[in-house]
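This briefing is meant for a reader who is meeting the structure for the first time. Please keep the sequence and the 3D view at hand while going through the points below.

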Amino acid sequence: MSAVAADTGSTASAPGVGAGSSDTPPPPETAAETALARTLQSIARSDLLVVVMSFVFAFLIGSVLIVIANEEVRATLGYFVDRPSDALTAIWQSVTQAYGAMFRGAIFDGVGFSRAAEGVREAGGSGTYVLLPALAAGLRPLTETLTVATPLIIAAAGMAVSFRAGLFNIGGTGQLIVGAMAAGYLGFTFDLPLVLHLLACLLGGVLAGALWGGIAGFLKARFGANEVISTIMLNWIATYLLFFALKTAAFTGANQSQPTSPSIRENATLPLLLGEGFRLHAGLLIAAGAAVLLWWLMSRSTIGFHFRAVGSNPRAAQVAGISPSRTAFLVLAVAGALVGLAGAVHVLGTERRLTEGVAGNIGFDAITVALLGRSGPVGIVLAGLLFAGLSTGGRFMESNQGVPLDLVQVIQVLVVLFIAAPPLVRTLVGLRRVDHPGGAARLRRARRAPQAAPAGATAGAPAASAPGTDRSPISDPENGTRPDPAPAPPPSSDGTTAPTDAQEEQR
């Protein structure tokens, strides 16, 4: 039998030779299909699919809200049974025109491009004299989006530092306000040389933000105070501190009748990148540098390693010699420094003066941008551009199509909601099983297991081989190869053969 088994084994080793060989490798077509299936499964599990489908679902729900808010659509629905085409046309136009206006206000204004080109041609221009003014008019929305995204990206980088270190920093608004106050005060009070004045204002914003974040870090490290509560309270302190400062002579100068500061001196303002006709300034380069700094700090520096170690497992980090309390102080100080830099860039490049609403929603939007970007530099840049585009495009959509600006905030919230729940998105697109691969097969096997056990214990059925038992296949001229019969049960202590489970069941 060993010779037959050896012959069968040699036959089975050749692909495609021998009847009923179970060891034959799959053909190239099956391997390609398996690789394709693995590729599709990896795409289904990736975050990119979740992000894309989150936008799709958010904009679909936004489309429903646009249709509900449109008066013309509601009027056509009154006689939908008589003329359904009118209602369908009105629905299509309301949605496409609204999102088209959002695109025009956020990225490229095709209508403005055409108008500028026609105006230059009518004045007798041609060639580049037509192209350059037309491009300036068409790309103006994109420059506004970049301007709005600049402080948002810098502040979100600061938030990402604290998030990756396991601290939930809610004090972005307060840190941004004190950074803007310090930079603005240095900007309109002192008269220094060009480069020195700008650097002094930026450094003042960084130090003020680090100090404000360091207060929450000190409370966390020294007294164990919850950083969420302390940073929220510091937000209100900074807000009312700004209100008080704008009522003093130090911040208002001769204009004490209005709560605004004097304008920033020209030596302290960030230079414009595209000339006087655009608001885009050199803060965009600082935002790019902040993203690079975030990558280097959290991925290549020793202090960043300490931040991530404490955020992952504080007890293990403490055993390794890293102080969680000192790290918490440094984390909030570094995060506050970056957010304070965002406030300085915002007031020196865009606002050019201090007002009561100088912070706007940047502090809280930065939290959403950091979470949406998974606290990574590339994700933060993309999420910051997205939020800025929705903001600028939403304002144009409101003025051009009459769609409420609050709808844009609804879309932003929906995007964050869907991205925060990947299983929900995969369930909506019918890919729920990718979160639990093989779960359905395991469930089917578990359901069949109680039914398969009695069937396998019937008389004459071969018992399962014990671990390490050699069961070489033997040749069968009719059925190909089949396993060798199970070995006899071992003898009992008295020399007799112990009965098998099947024999016990028959008794």
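Among the contacts in the protein chain with a separation of 6 or more, 71% are accounted for by residues 24 or more positions apart. The model is predicted, and its protein chain has 22 helices and two strands. Of the 507 residues of the protein chain, 36% count as buried.

- Ser63 has its place in helix 3, which covers residues 47-69, and Ser63 is buried because its relative accessible area of 14% is under the cut-off of 20%.
- When residues up to four places away in sequence are not counted, Ser63 touches Val95 and Tyr99.
- A search of the whole structure finds ten aromatic pairs, and one of them is formed by Phe59 and Tyr99, whose rings lie 5.2 Å centre to centre with 75 degrees between the planes, an edge-to-face arrangement.
- The relative accessibility of Phe59 is 24%, so Phe59 counts as partly exposed, whereas Tyr99, with a relative accessible area of 18%, is buried.

**Aromatic rings in helix 9**

- Tyr185 and Phe188 form another edge-to-face aromatic pair, with a distance of 5.8 Å centre to centre and an angle of 80 degrees between the planes.
- Because Tyr185 and Phe188 are three residues apart in helix 9 (residues 172-189), they are separated by about one helical turn.
- Tyr185 is partly exposed, with a relative accessible area of 29%, while Phe188 counts as buried at 9% relative accessibility.
- Together with Phe251, the residues Tyr185 and Phe188 form one aromatic cluster.

**Helix 9 against helix 16**

- The axes of helix 9 and helix 16, the latter spanning residues 324-351, come within 7 Å and cross at roughly 50 degrees, which means that helix 9 is oblique to helix 16.
- The crossing in which helix 9 passes helix 16 is right-handed.
- On the side of helix 9 the contact is made by Gly172, Gln175, Leu176, Gly179, Ala180, Ala183 and Gly184, and on the side of helix 16 the residues that take part include Ala335, Gly336, Val339, Gly340 and Leu348.

**A charge over a ring**

- The charged end of Arg140 sits over the ring of Phe278, at 4.5 Å from the centre of that ring.

**The position of Leu194**

- Leu194 lies in helix 10, which comprises residues 194-223, and Leu194 is exposed because its relative accessible area of 53% is over the cut-off of 50%.
- If its neighbours within four places in sequence are left aside, Leu194 is in contact with Glu266 and Asn267.
- Leu194 and Thr269 are 75 residues apart in sequence, and the distance between them in space is 9.0 Å from C-alpha to C-alpha.

Notes
Residues are numbered from 1 along each chain as its sequence is written. This is a predicted model: local features need pLDDT of at least 70, side-chain atom pairs count only at pLDDT 80 or more; totals for chains, interfaces and linings use all residues. Side-chain values use heavy atoms; hydrogens and water are left out. Helices (H or I, at least four residues) and strands (E, at least two) are DSSP runs, numbered from the N terminus. Buried means under 20% relative accessible area, exposed over 50%, partly exposed in between (1.4 Å probe, protein chains only). Contact means heavy atoms within 4.5 Å. Rings of Phe, Tyr and Trp (its six-membered ring) pair if their centres lie within 6.5 Å; planes under 30 degrees apart count as stacked, over 60 as edge-to-face and the rest as tilted. A charge sits over a ring if NZ of Lys or CZ of Arg is within 6 Å of the ring centre and within 35 degrees of the ring normal. Axes are lines fitted to C-alpha atoms, for helices over the stretch in contact, and angles run from 0 to 180 degrees between N-to-C directions. Angles under 35 degrees count as roughly parallel, over 145 as roughly antiparallel, 65 to 115 as roughly perpendicular and the rest as oblique. A crossing is left-handed if the near helix is turned anticlockwise from the far one by less than a right angle, and right-handed if clockwise.
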